[in-house]
Amino acid sequence: MKTKSKTIYKRPNQKSKFFDLLTTVDHKKIGIMYLYTGFVFFLVGGLEALLIRIHLAQAESTFLSAAEYNSLFTVHGFTMVFLFFMAVNSGFGNYLVPLMIGARDVAFPRMNALSYWIYFFGAVFIHSTLFIGNTAPPEGGYLSEESNLFSNAVAGGWFLYQPNAGIQFSPGTATDIGVIGIIFLGVASLISAINLTVTTFNLRAKGLTLMKLPVYVWMTQVVSFLLIFSLPFITIALFTVVVDRQFGGNFYNVAMGGDPILWQHLFWLFGHPEVYILILPVFGMISEIIPVFSRKPIFGYATLVFAGFAIGFIGFGVWAHHMFSSSIQSLAQAGFGAATMIIAIPTGIKIFNWIATLWFGKRNLNVAMLFSIAFIINFVIGGVSGVLHAVVPSDWQQTDTYFIIGHFHYVLVGGGLFGIFAGIYYWFPHVFGKKLDEKIGKIHFWILFLGLHLTFLPQHWLGLQGMVRRTWWYDKGMNIEFWNLISTIGSLIILISVLVFILNWIYSKRMGEDTEFDPWDGRTLEWSTPLPPPEYNFYDIPKVKTKDEFWYRKYSVDKEDRSISKGNHTEIKKYTLATTLMDTSHIHLPSNSLFPFITGLALPFLGWSLIFRGSFTAVVLLLIGVLTLFIGIFGWTLEPENE
Amino acid sequence: MSNFSTTQDHESTGISNQKLAMWLFLSSEVVFFAALISIYLFYKRLFALGDLTPEGLFDIPFTSVTSFVLLMSSLTMVLSHNYYEIKDYEKSKIWIFATAFLGTVFVSGQIYEYTEFIQSGLTISSSIFGTAFFFVTGIHGLHVVIGVVLLIATGSQMGISNSNRIYSLSIESLALYWHCIDIVWIVIFTAVYLIP
């Protein structure tokens, strides 16, 4: 498809592999880049957590200084939530959604690349704090040690409560870098959410009506809407902080009448939907894996989808349950408590759907399935301890203690991380054409399962005994040393399990069992491609008749609702593999483009220029940033449609 | 943007990709401004604490005129879009630049207002009122400036070649953005200037 307009630039080609990474607009490659980057940050965030746990292993520990400790727990939260979890969810979404709906790419391929590069440079910007950030102690303050590499990062806790994270109590550039970095990551997520929504609504294969979509696509869709409607709150909230810190605003200046509770409302209006943004895609993945390995369709498809809607919708009405101990009215407390209890209903529906799918299924307990079942168990434990917080007086006891830490780590590690591992074991063959090793995988699973419970179960008891969260110091003889030690041992066991996983990854990528086509007898469209999929995904854009389309191409259903093989598996396989050799000149794919990378590159410079405002460096940085942005956007608009 | 797949071989909403994306972006923008205006209204009860109060400072007739100018720019935007649809690109171009001009007039009025207020002693750090006022109107002003830049860029592109050109941002999506910013100003004007 050549355009007649003057060709000012050529679209880059894919000759060099590194240059291809910078310029790719292929949704699969971008998805994999998200996954790799996210995994790197998982290791970074994990090491931060390990340092925290090692420090807390014994009473009156001086392993870390108080300033280092404050920075580490804050950055641990930022890294795990924004840089690991959201990136990995974006990665899965990017990779899977177009394949599951029978599309060749997302609706805006270059925008997709842009959202990755903004995320990437946002992460670079946040980590630049190690070299240019500082957390100068407030005058006469408690934290008067010298700062060092670890304590150069933002230290106000991941929810940056005001006025503690304001200029008076957290001077220094570290907080500004953290705040502006999160704004960048928000922009990346917004672009990606809009892109995936348009893709899902406009690029579905013929016949794939909305209620035939795989559950995973639906869950990513709910998440996209959550992002579109909740990111504005955090953006505005972070803007108010930037105004306060950089331009002397009074939003949270109590002396001038500013109200710190406003920050809490704005933050949690984003922060609570964020919890579902993290976990709903994992729900979707579990809903794909369990039916395949139970060899049954998912139980109650419609209820599962609508429960997802309900969770997303009610998720906007429960934010104040994070604030029961602040000065909100008792009527509001009752209302938000009730809403929080109600949200357990759609979540329960999902749990029962998964259990009913497992029930009487021909279960294949491989690693992906083990992780899925463990996900259900862990998530129920985390969910039940969560419902306790809907009871206001009980919440007053537990809030800001290790009970809360235990609760949400059960949900996010026991739930989220286990689900992500299930997804990795399930879709690894799709990406690389090789299976992850089952034996090493089972070792990985059991070590992680043990480590999880050893680490986070004792934290509930510590919390109930009154150990507050974010504490750098506890005295000897308070009867909490033992369980702290156990928790630290548990975290080291988690480290071992992650090392086993990395080993498995390296081993299986080289010597894993080869699969060319449909290793799991899959149900959804992504398994109808050759493995790994060609750049254009589908040789013929599929035509869809039913839900679980690919399954019903292979199986028919008898009177008693049993699936009978049509015996055409080898035939389908032969044809699909043959398509890789056929002529593909009629398939038009978007060409590579360097401009998303350039546009993303501009953002850290703009951020730094704001941080160093008023100096000569800032002017230079601003000029570089604006020029890069200019080149990026104008190159983007003027580059020819396709090569 | 990318039209590599046509809508015929897909299930779709019938709305073009770019327009749907713009609607989704605007829905996010609306929530953004809702939060913004809520902050202003939330702090309104504290404005009496400062030395300068809204009642003593605002020049409502002046701001009404600039607001009217901004509203009229919606009309010129509609005209531009209309001429674009009937392929009269010359007139479309004139009206798109007229829209950009009216937008600039509005922003100039805002800058004039800011200088007046700053001379009277109202700054972003002088009181809660100052912080909230400059924050709300400033962020809206920034959106108008971005809109003006997009209008000029698109208008200039129309000059390069005015047939079959696939614009990076179509006139229709641009018009949607511009109208949204206008409508938001009506709400901000009411909340900030008119409600006592």
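**How chain A and chain B meet**

Modeller: Let's start with the strands: β1 of chain A (residues 204-205) and β1(B) pair in the antiparallel sense over 2 bridges. Strands are DSSP runs of E of at least two residues and helices runs of H or I of at least four, numbered from the N terminus; two strands pair if DSSP finds at least two bridges between them. This is a predicted model, where local features need pLDDT of at least 70, side-chain atom pairs count only at pLDDT 80 or more, and totals for chains, interfaces and linings use all residues. Residues are numbered from 1 along each chain as its sequence is written, with chains lettered from A and ligands numbered from 1 in the order in which they are written.

Biologist: Nice. Which residue in β1(B) is the bridge partner of A:Arg204?

Modeller: That's B:Glu11.

Biologist: And how many residues of chain B are in contact with chain A?

Modeller: 34 residues of chain B, touching 42 residues of chain A. Contact means that the C-beta atoms, placed from the backbone, lie within 7 Å.

Biologist: Which element gives the most to that side of chain B?

Modeller: α1(B), with 13 residues. The elements giving two or more residues are β1 (10-11), α1 (17-43) and α5 (128-160) of chain B.

Biologist: Switching topic: how many helices and strands are there in chain A?

Modeller: Chain A has 20 helices and 3 strands.

Biologist: What share of its contacts join residues at least 24 apart?

Modeller: In chain A, 83%, among contacts between residues at least 6 apart in sequence.

Biologist: And what box do the C-alpha atoms of chain A fill?

Modeller: Roughly 75 × 65 × 50 Å, taken along the principal axes.

Key
Contact = placed C-beta atoms within 7 Å.
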